[in-house]
Amino acid sequence: MADGSSVPAGMIASNGPPRASTMKGVARRKSTVAFLLCLPLILLIAGFVVYPAFYALWLSMLNKKMTAFVGLGNFAFLLKRHTFQLVIFQSCLFAVTAVVAKAILGFILAHLMHNIPSGTNQKIWRGLLLVPWVIPLALSTLTWWWMFDPSYSAFNWILNQFGLANVPWLGVGWIARLCTIAVNVWFGTPFFMIMYLAALKSVPEQLYEAASIDGANALQKLFFVTLPMMRNIIAITVLFSLIVTFADFDIVRILTAGGPQDMTHVFATYAFQIGIQSGDIPLGAADSLFMFPILAFAAFFVLRGVTQRSKDIAA
Amino acid sequence: MPKSSAVTRRGAVRLGAAAAALPLVHIRTAGAAGKLNIGFWDHWVPGANDVMQKQVKVWADKNKVDVTADFITSSGGKLALTPAAETQAKAGHDVMTFFNWDVYNYLDHLDPLDDQMKRLIAAHGEVNSVGSYLAKVKGSWAAMPTSSGTQTKPPCARISWFKKHGLDLREMYPAKDEKNALQDSWTWDTFLKYAELAQKDNMTFALGLGSGVLNTDATDTHGALFHAYGAQLVDSSGKSQLKSDNVRAVLEYAQKLLKFYPVDAPSYDDGTNNRALISGKTALIFNPPSAWAVAKRDNRDIAADCWTFPAPKGPKGRFLPMLNFFWGAYKFSPNKSAGKDLIEFLMQRDNIEARCIASEGYDLPPYSKLTDFKVWDVVEPPVGTVFNYPLREASGQLPSLAASEAPPEIAVQIYNRAIHNQMLARLRDGQSIAQVIAWTQEELEGFVR
Amino acid sequence: MSATTMNSGASERAAGRKNSLHRQRLWALWGSYVALAVFAVVFLVPPFYTVVTSLKSSAEISAQVGSPWIVKNPTLENFWYLLTYPNFQTYYLNSVMVTVLTVAFSMIISVLAAFSLSRMGFWGSQLLSTGVFLTYLIPPSLLFIPLFQIVGSIGLINSVWSLVLLYPTLAVPFCTWIMIGYFSSIPKELDEAALIDGASYLQILTKIFIPVAMPGIIAATIFAFTVAWGAFLYPLAYLYTSNQMVLTVGIISDLIRGDVFQWGKIMAACLLASLPPIVIYAFLMDYYVAGLTAGATKG
């Protein structure tokens with residue numbers, strides 16, 4: 001590629017600049033073409049993301065029968081409900097705990113993977129560890145559900161072999177919460193692993209050698225070489241995962257559908273229950289909109305990260 | 001095919017989609033006089049859908065109507081979601097299946113069926129009280145109570161286990177209409193005694209406390225229990241009755257009974273009790289005969305040891321949990337009169353009975369004169385095991401639907417949120433009756449919107 | 001990419017030089033293997049259990065005796081049932097159709113847009129290229145309620161075509177992002193030269209950009225495939241009859257009948273439905289991993 005690019009560079013120089021008027025015409029035509037090429041994307045996003053988002057805002061301000069405008073009434077109503085307060089708490093708990101766990105486990109796994117010789121060997125390990133992430137989540141969650149089943153839990157059978165009592169996996173609030181988080185961690189850790197592995201591989205070995213010469217121990221290398229070099233990718237991965245985890249629907253819907261006693265409901269599943277299953281579309285829309293401020297908070301940091309990155313590229 | 005232009009456009013889109021995806025069920029008759037799209041409940045008993053299909057075809061051929069029948073599963077909330085979607089879109093089926101409060105939910109979109117119901121009631125007798133509560137609004141029938149999917153959820157128990165502990169279920173409730181002294185002593189207090197024995201025996205009654213719409217078996221059971229104590233959460237005028245003596249009485253009783261529930265009762269879904277019965281790990285469940293039918297396939301010895309019989313009696317009566325299904329014609333349907341004809345045809349006695357036989361007696365026609373089909377006497381093993389499954393007036397049972405004492409718009413929320421189960425789950429977690437009532441009060445306030 | 005690890009391998013072989021360091025590294029190596037093995041076992045428990053259950057007869061599952069982790073009488077009846085079950089075939093075909101169309105649409109849309117955004121530019125294109133990625137901040141779980149009404153109003157409720165329309169919104173932003181990254185790394189001189197030689201933009205795209213960015217295109221394709229194959233919320237909310245359903249919801253709706261759960265068949269169905277992604281990853285994992293991480297690490 002480098003060879004190819006040097007030739008045209010010379011050609012540009014020899015040809016000289018075209019006349020200004022044609023330049024303008026070309027530029028105008030070019031930007032029209034450019035816009036047309038983007039048009040499918042713009043239409044898609046505008047029609048099925050931006051418009052529905054604003055439509056959700058409108059819906060959320062109607063009454064249950066969708067006949068009258070109630071302003072922020074639905075939001076106020078929700079905030080007063082004890083169940084909804086639980087939903088807020090659980091959504092945050094679910095997302096934050098799961099993302100932190102995934103980030104830590106992914107980091108450990110990436111390091112372990114980095115330690116072993118690359119090549120086919122590493123590929124096989126990587127392939128094995130990627131399996132949870134490859135199976136469609138809705139389907140693997142069904143297996144988890146069956147393993148947690150109260151009448152014949154495969155986990156309880158193992159516990160019984162060690163003389164331990166049955167655990168009501170999805171029957172007690174806090175245990176059920178942990179179970180939903182565990183399934184999410186199981187599913188999402190491989191993603192963190194491969195992102196971090198790629199980042200690790202991009203850290204130049206010379207930096208470690210230099211650190212060794214300066215007498216740095218392993219921990220110091222981690223904190224002063226590895227982590228700073230990976231900062232960008234960690235931030236992007238964590239934030240991306242935070243969005244996805246926060247909006248998770250599949251796991252809670254299939255495992256517990258919000259129970260026991262609403263102790264596992266998150267925004268998405270609660271919106272589904274009230275909006276679609278109980279036919280209160282405006283209240284459901286209001287519920288799901290509560291996700292937005294929290295996501296926008298994440299957005300701010302993603303945006304900063306992305307612009308930072310593009311500045312780095314420019315530099 | 002005469003129809004308005006707006007419908008043609010929608011119809012064309014739908015038709016295109018359907019053609020591409022190969023509709024499973026499509027009856028086409030030469031020179032069809034019109035098109036009809038009907039959504040049935042997807043029967044889990046193999047072969048039951050086929051009989052329905054045949055009956056639809058008979059009608060379609062006779063009337064030269066092009067009928068497409070969809071069988072929609074009730075699991076995953078699909079059967080509840082479909083009308084929600086269709087009434088929003090004002091397009092979809094012409095006739096749809098509704099259950100529980102859905103008739104009320106979509107009242108504005110349903111065309112009255114008073115003429116049809118007048119004829120059906122004249123032929124089949126009165127609709128049971130739960131059925132008319134759900135479908136007859138302000139004196140007008142908004143939907144037609146159907147046998148397809150309609151079920152009761154009586155106790156289904158192990159004959160040998162109860163016999164070992166001194167109660168012969170087949171003597172108490174034999175496979176014939178009979179009154180005896182044993183029946184009078186089949187009360188919730190007796191039930192409590194056996195629940196305790198069962199737990200000691202490692203045959204814990206598989207009673208759930210699951211949440212949402214995942215565990216309606218338990219919601220229905222507890223609804224019947226509350227009714228048996230006359231305990232109303234909200235009365236018909238919408239006023240909270242939580243502070244009433246009856247509510248306190250039922251909760252006091254429940255405190256005793258809950259000790260003998262399975263440890264993981266809050267994580268129950270509607271399949272858990274079935275699995276417990278089929279694997280021989282429980283002495284009693286509340287369920288339609290689906291659990292028994294699967295046992296018949298997977299574990300025949302246990303099926304042969306199962307007996308379905310009426311619910312226990314409480315101070316205020318003997319209440320049988322009931323789940324009602326309806327057919328309704330959408331107002332927006334261009335061909336609703338044909339649709340009404342079809343469902344009336346399907347609700348003729350011969351057709352109902354044929355479908356009952358095909359479903360091994362699972363379907364229950366909710367009309368008072370239709371409890372005399374032979375199928376319930378002959379289904380086995382053991383012979384007569386589901387004789388008591390239909391709600392027979394002679395048994396002195398009253399139909400029960402959890403929360404149905406409340407105005408429908410509140411009741412549906414109490415039911416869908418499984419408030420009864422949650423109250424009991426809290427009680428079992430050690431909360432006091434006062435705390436549970438306070439929590440329920442707060443929940444109920446949220447429903448009045 | 002493999003240079004660093006090759007180094008460590010080489011240093012192991014040159015053991016004589018630094019004995020203590022060698023021993024230390026060996027320990028680290030074996031420790032890593034052991035730890036990885038532990039993780040692998042934990043990660044693979046659910047898939048393993050899926051396989052085990054799928055080989056059991058319904059009577060064996062119902063009996064609930066003995067270890068659930070082993071199969072006493074392995075049978076392929078569940079698989080056989082599914083393969084000859086018309087509904088399951090319909091779900092599979094629908095899933096394949098939706099996925100193929102989604103991938104095709106997503107790739108066309110995102111390649112065109114990425115080309116335009118990375119090279120040509122127009123008023124607001126800068127905003128668009130950051131804005132596209134931000135669409136992920138509005139997840140499906142926020143959109144499914146308003147979309148319910150929108151999909152309904154265009155007559156696509158209970159139509160598998162609604163998914164063909166909606167799935168690209170899940171895939172396109174990320175695909176565009178990956179493609180912008182790849183296209184930006186192509187030297188500007190290359191296409192400027194081609195332009196001056198009289199090539200049209202279309203030619204530049206097809207003759208230069210697409211071939212050069214092939215790894216990125218493969219990665220984006222796999223991403224779109226993954227999203228379309230595994231999505232759950234939209235089909236759950238918008239599809240109702242078995243002739244319209246796709247695998248993710250079809251399995252749940254069809255094999256759980258009221259209160260009758262056919263676990264053996266459910267697990268077999270999960271395996272069959274997971275097969276296409278597993279096969280694709282087995283062969284194209286490297287591209288995917290490279291594509292996924294390229295954007296993030298190039299900075």
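1. How do the axes of helix α12 of chain A and α7(C) cross, and within what distance do they come? In this predicted model, the two axes come within 9 Å and cross at roughly 20°. As angles under 35 degrees count as roughly parallel, α12(A) is therefore roughly parallel to α7(C). The crossing in which α12(A) passes α7(C) is right-handed.

2. The residues that meet at this crossing can be named. From α12(A), which spans residues 267-277, A:Phe267, A:Ala268, A:Ala271, A:Gly275 and A:Ile276 take part. Their partners in α7(C) are C:Ser141, C:Ile145 and C:Phe148. Sorted by class, this contact has six nonpolar residues, two polar residues and no charged ones.

3. The contact between chains A and C as a whole takes 91 residues from chain A and 91 residues from chain C. On the side of chain A that touches chain C, helix α2 (residues 20-59) gives the most, with 18 residues. That side of chain A divides into 70 nonpolar, 15 polar and six charged residues.

4. Chain C also touches chain B, in a contact that takes 36 residues from chain C and 38 residues from chain B. On the chain C side, the elements that give two or more residues are the helices α3 (58-63), α5 (86-120), α7 (140-153), α12 (233-238) and α13 (247-255), together with the strands β1 (256-257) and β2 (260-261). The residues of chain C on this side comprise 15 nonpolar, 18 polar and three charged.

Note on methods
Residues numbered from 1 in each chain as written. Chains lettered and ligands numbered in written order. Predicted model: local features only at pLDDT ≥ 70, side-chain atom pairs only at ≥ 80, totals over all residues. Contact = placed C-beta atoms within 7 Å. Helix = DSSP H or I, 4+ residues; strand = E, 2+ residues; numbered from the N terminus. Nonpolar A, V, L, I, M, F, W, Y, C, P; charged D, E, K, R; others polar. Axes fitted to C-alpha atoms, helices over the stretch in contact; angles between N-to-C directions. Parallel < 35°, antiparallel > 145°, perpendicular 65-115°, else oblique. Left-handed = near helix turned anticlockwise from the far one by under 90°.
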